[in-house]
Amino acid sequence: MSENSGLKKFLVLTTFGVTVALAALIASLPVNLPSHQDSQTLGPVNDGDNAWMIVATILGLFLTPALTYLYSLLHGTDPVEGVKNVLVVSSLITFLWVLFSFSLVWGEDAKGNGVLGYPLTYHMFKNLSNPIYAVFELGFALLSAGIVTASVAGRIELNGFLFFIFVWHLVVYAPVAHVTWNPRGAFATNHIMDFSGALPVHSLAALTALVLHVVLGKDAIPASKPVAEPEKALFWALIVWFLWFGFNAGKAHAANAVASQSIVNTIAATTTSIITSFFYNLILEKPNNAVSLVYAILIGLIAITPASGFVTVGGAMVIAIFTYGFTVLISQFVLGENETENQPFSIVSTHAIAGAVGFLWTAIISYKFINSAGENGLTYGRGTSLAYHISFLLALWGCASISVAIIAFIANLIFPIGNGVIPPSDAAPVETAVPDATTEKQVEGGLELNTV
């Protein structure tokens, strides 16, 4: 009951965000979203940069199946089935990426509106000085889809889910990534700093997974159980941490000072999150076990994702402290997660809350002397970026949630996404007695709705 009530509260917050987003956008954004940046050269410019991008690309591409395996261990789903599904989904997205979706994200604006690129700009990676740039950026598209796939593991029919991902990648992910990262994107040209993907990866994946759970039937969500192999999960969390360096530092697109700062910040944020977790559990008299370490690592990594190339090492530590505290407090005391020992947090809440908090803190403590492509934040006396970060985060949750819901509903009508399996612990007991008229009415009006 606590998980269902927590999900209801989360849905209420999302609905509230949709309403606030409209007012916030009208109040704080320019009407025509003008571009303030020139285009950039795509791809590494020398052998040293190229070598680093090759390493970062390999690390980033293996991050998705590794994180999927970790989530399978944490949530008790079949790891082999989960990795298999992610590999199939990743292969589909890679095919689309090579054909035209890389162009949708990084190509020239189709109509100069900062929302979507022209699909044939880099068709089959043409017009690129080095294709490794395109393959590195593919890793973010795979990770976003991988988080969604891991969240609904055990609840999907792969054929129908592939159709949903096909449409979602082109209609939702590509525009969100374009407006965030493309030099002429509507977000990128309006004070938004998102180094490695709080919006296109963590927030978008979390809201997509949340909508899918509603479409598949939130009452049939498997009940959270204690992690069966916490030590093994901790080992895989360390692997994810290692691979995350390529995900974060590679976003500098060069072997430069920004990449170095990103690695330093990734280490600082994760270790600070771990020590914060230790003292948090000590104060609340909770056990400092392997599962708490796993989530300290994950929250630290998610929190520093948008800020790793824009903040100082001290800023990374501050972000980790606040993000861990806020994420755990909301998850435990509002959403009712992690109530017993070794019980995991949900994938949705972990990425949604930690990603949002880290994204907002980026606008507070960022500095141009760390990265000239960024902006000075609130601590430097500039509050414009924070206002835009709040507005665009609300806009993403409002607009993208509606878009995903429409796509999921239509896709589910054409190719059913769910597998129709209800967890045994949640299934209603079989009645052997002959039902009376009242029972027949309840079945007719209730169970039929849950199977839609």
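The model is predicted, so local features need pLDDT of at least 70, side-chain atom pairs count only at pLDDT 80 or more, and totals for chains, interfaces and linings use all residues. Residues are numbered from 1 along each chain as its sequence is written, and side-chain values use heavy atoms, with hydrogens and water left out.

**Helices H9 and H11**
- H9 (residues 290–304) packs on H11 (residues 347–365) at an angle of about 45 degrees, and their axes are 8 Å apart; helices here are DSSP runs (H or I, at least four residues) numbered from the N terminus.
- That angle makes the pair oblique, the class left once under 35 degrees (roughly parallel), over 145 (roughly antiparallel) and 65 to 115 (roughly perpendicular) are set aside.
- Tyr295, Ile299, Ile302 and Ala303 of H9 meet Thr350, His351, Ala354, Gly355 and Gly358 of H11, where contact means heavy atoms within 4.5 Å.
- Five of the residues in this contact are nonpolar, four are polar and none is charged, with Gly counted among the polar ones.

**The largest nonpolar core**
- This core has 131 residues, and Phe161 and Phe164 have the most contacts inside it; a core joins buried residues (under 20% relative accessible area) through side-chain atoms within 4.5 Å.
- Helix H5 (residues 158–181) gives the most to this core, with 14 residues.
- Beyond its neighbours within four places in sequence, Phe161 touches residues including Val89, Val148, Leu212 and Ile417.

**Isoleucine 410**
- Isoleucine 410 lies in helix H12 (residues 384–414).
- Its relative accessibility is 44%, so isoleucine 410 counts as partly exposed, the range between buried and exposed (over 50%).
- Isoleucine 410 and phenylalanine 164 are 246 residues apart in sequence, with 8.9 Å from C-alpha to C-alpha.

Terms used: Axes are lines fitted to C-alpha atoms, for helices over the stretch in contact, and angles run from 0 to 180 degrees between N-to-C directions. Helices (H or I, at least four residues) and strands (E, at least two) are DSSP runs, numbered from the N terminus. Buried means under 20% relative accessible area, exposed over 50%, partly exposed in between (1.4 Å probe, protein chains only).
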